[in-house]
2 protein chains.
Amino acid sequence: MARAPRRLSPGATIGILGGGQLGRMLALAAADLGLRTHVYCPDPDSPAFEVTRRISIAEYDDEDALDRFAREADVITYEFENVPSATVAFLRPRRPVMPGENALDIAQDRRKEKTFLRGLGIAVAPFRPVRRLADIAPALKETGLPAVLKTRRLGYDGKGQYILREASEARAAWQAVGEATSVLEAFVPFTREISIVAARGADGRFAAYDPPENLHRDQILRRSRVPARISADLAAQAESIGRKIANALGYVGVLAVELFVVGEDSDEQLIANEIAPRVHNSGHWTMDACRVSQFEQHIRAIAGWPLGPTARNADAVMDNLIGADVETWPTLLAEPNAAVHLYGKRQTHPGRKMGHVTRLSPLSKGG
Amino acid sequence: MARAPRRLSPGATIGILGGGQLGRMLALAAADLGLRTHVYCPDPDSPAFEVTRRISIAEYDDEDALDRFAREADVITYEFENVPSATVAFLRPRRPVMPGENALDIAQDRRKEKTFLRGLGIAVAPFRPVRRLADIAPALKETGLPAVLKTRRLGYDGKGQYILREASEARAAWQAVGEATSVLEAFVPFTREISIVAARGADGRFAAYDPPENLHRDQILRRSRVPARISADLAAQAESIGRKIANALGYVGVLAVELFVVGEDSDEQLIANEIAPRVHNSGHWTMDACRVSQFEQHIRAIAGWPLGPTARNADAVMDNLIGADVETWPTLLAEPNAAVHLYGKRQTHPGRKMGHVTRLSPLSKGG
């Protein structure tokens, strides 16, 4: 049962489910506003634990720990969309969980997500549900080739995905997704990837950042740059998509929508890929190029506080420091226009996001 | 025994003596660079405790606690200059304490401080030591009236000060400073107050922020604004004073020097008031108007990392939120050009610094 949003006072406590770098940056932003945080995560080495006094090291089904966590928090939020629904169901009668139930419900299920988007008149790639291996061949007739098989639930950073270039790969794809209920999507021949990172306040106000242009490699975000190389009209369309989604969900907090740009010039159009009901890697540049970062914005929204301005005061290129990339930190720190953010993770693994660097340059015209 | 500066790696731990808002903002800046912190403070309600996982609630003479603190830290710093010298003497053989011994030694003793400044050719107000009541009358002959009696040690925010407007106030002044060894200073008829906030790196590099113009009320800083309404020449002199002091002390970290401007126009000159061997309230605007704040700069310096740029990208007016001022937070949060920073203090007292707000405007020419 969602409660009516109310305004927290400084000194109130934000409960954060998940202890990764997003939780860490949320906690740091909350601190700057005089709010306390309590971070809940099963991993004792969680980087977000380093930046707060109150932590729970517990599994997401530990009801005693969840109950203590809820009693200490005034509002609960999360840094990842795959919070088990049973966890949220347990917490929700105890404390407001924001963003709300329907946002999580949709973001956790690719089929619901695409149906929801299509229902709002937002273009999505053709897709078909896949429940068994035998569903793939007929689905390919709808989507064409190449196509992407994605698990219906629990996919992120390209995990649980397989790109089919030929129909004969059906079995390999089915095995790659662990024979889990899936969705087969047409592969979108995009010219660019962008995203919209925006917030909706408890008062219904909506505020979007400029859409970044994103570059993925091995299905992990490597770089986001603003302005994106798109027309002002397309940027406005992206914002409109974010607004429609946020309003339809009665959303409170920051959300991101990944969008594909297809076509060129006047034929450009946007196809929605997925919704992240949380702060997003493609919004990290806001920490250095905007007065109010996506992290502060999310905290303001869930605290029932007014949203801050989203105007950009610089052009920016944000690069993730993935795995051994982080070893360049001494060079990066010496660059005068680079803002370096390190996540304090103890172990460097290939593919692990260890930090990011945002390079700033004077605001360009247009964009 | 000071050890040679060395370069910390991300993941290293900065020990911070003192748990107030300066320690808190240092800890937040360290976290953004992937460094851990351990905050040591006797007050269990210290605001800096809220933003780190490692805390020591212990007195400054608790050798067991200090020993544990030192063992967990890679370098130790402090947020206030009145750290007991016995505490530093205990810690120094165990871990590097930065800024170094001579900076603390001078900053803790007004007489040494003024002698040091004068020795560097930096103008200070005429002063005389006062050890007993009977010293005041002859000292007034040197300083003239009005004059300020200040305790030699442990003064901040105007505590331990008395302004004499007539010689007959000698006894009242002596009682007001608790009959402690003091310094009588000529009252400086300043036209403005400014400060220089600057850093010296472990490599000897020096970098100053633009000098803010400061407004005190009841001997507490209320407002800092950049640019100060001073000539470019005077700003360069202020920077030069900071550089001389930092170099003479072999300083590593951020320091501030409070300066009086006397005279007008071409007769303007600077008189040094006092040195703060730490981040400083008059540098808070750097959090929002510079790429690298004074807090990040201090952490970079003591970590043996390169200093960051100090250029300003906006004009700024920083107002402290003192006591009940903080109750205006909802209005401040709704101001589009205001960056609000709250310290998370549980109790509001008159005169207590509860937060600050920096209002930004486009960079003006000159300054």
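**Entry 1: a helix in chain B.** I started with helix α6 of chain B, residues 136–143, where Ile136(B), Ala139(B), Leu140(B) and Thr143(B) are buried. Looking down the axis of α6(B), I found its buried residues within an arc of 105°, so they line one face of the helix. That made sense to me, because an α-helix has 3.6 residues a turn and residues three or four places apart point the same way. One caution for my notes: this is a predicted model.

**Entry 2: around that helix.** Which exposed residues sit on the face of α6(B) turned away from its buried side? I noted Ala137(B), Pro138(B) and Lys141(B) there. Over the buried residues of α6(B), the cover includes β5 (127–130), β6 (147–151), α7 (170–176) and β8 (182–186) of chain B. Just past the end of α6(B), I saw Gly144(B) with a positive phi of about 75°.

**Entry 3: the core.** Next I checked the largest nonpolar core, which has 223 residues. Leu26, Leu255 and Ile299, in chain A and in chain B, touch the most other members. I followed Leu26(A): beyond its neighbours within four places in sequence, its contacts are Ile16(A), Glu79(A), Val279(A), Phe295(A), His298(A) and Ile299(A).

**Entry 4: where the chains meet.** How many residues of chain A are in contact with chain B? I got 29, against 29 residues of chain B. On chain A's side, α1 (21–32), α11 (329–334) and β16 (338–342) each supply at least two residues. The largest share, four residues, comes from β16(A). By type, I logged that side of chain A as 17 nonpolar, six polar and six charged residues.

Conventions
Residues are numbered from 1 along each chain as its sequence is written. Chains are lettered from A and ligands numbered from 1 in the order in which they are written. This is a predicted model: local features need pLDDT of at least 70, side-chain atom pairs count only at pLDDT 80 or more; totals for chains, interfaces and linings use all residues. A nonpolar core is a set of buried Ala, Val, Leu, Ile, Met, Phe, Trp, Tyr and Cys residues joined through C-beta atoms within 7 Å. A residue is buried if 20 or more other C-beta atoms lie within 10 Å of its own, exposed if 12 or fewer, and partly exposed in between; C-beta atoms are placed from the backbone. Two residues are in contact if their C-beta atoms, placed from the backbone, lie within 7 Å. Ala, Val, Leu, Ile, Met, Phe, Trp, Tyr, Cys and Pro count as nonpolar, Asp, Glu, Lys and Arg as charged, and the others, Gly among them, as polar. The arc is that of the directions from the helix axis to the C-beta atoms.
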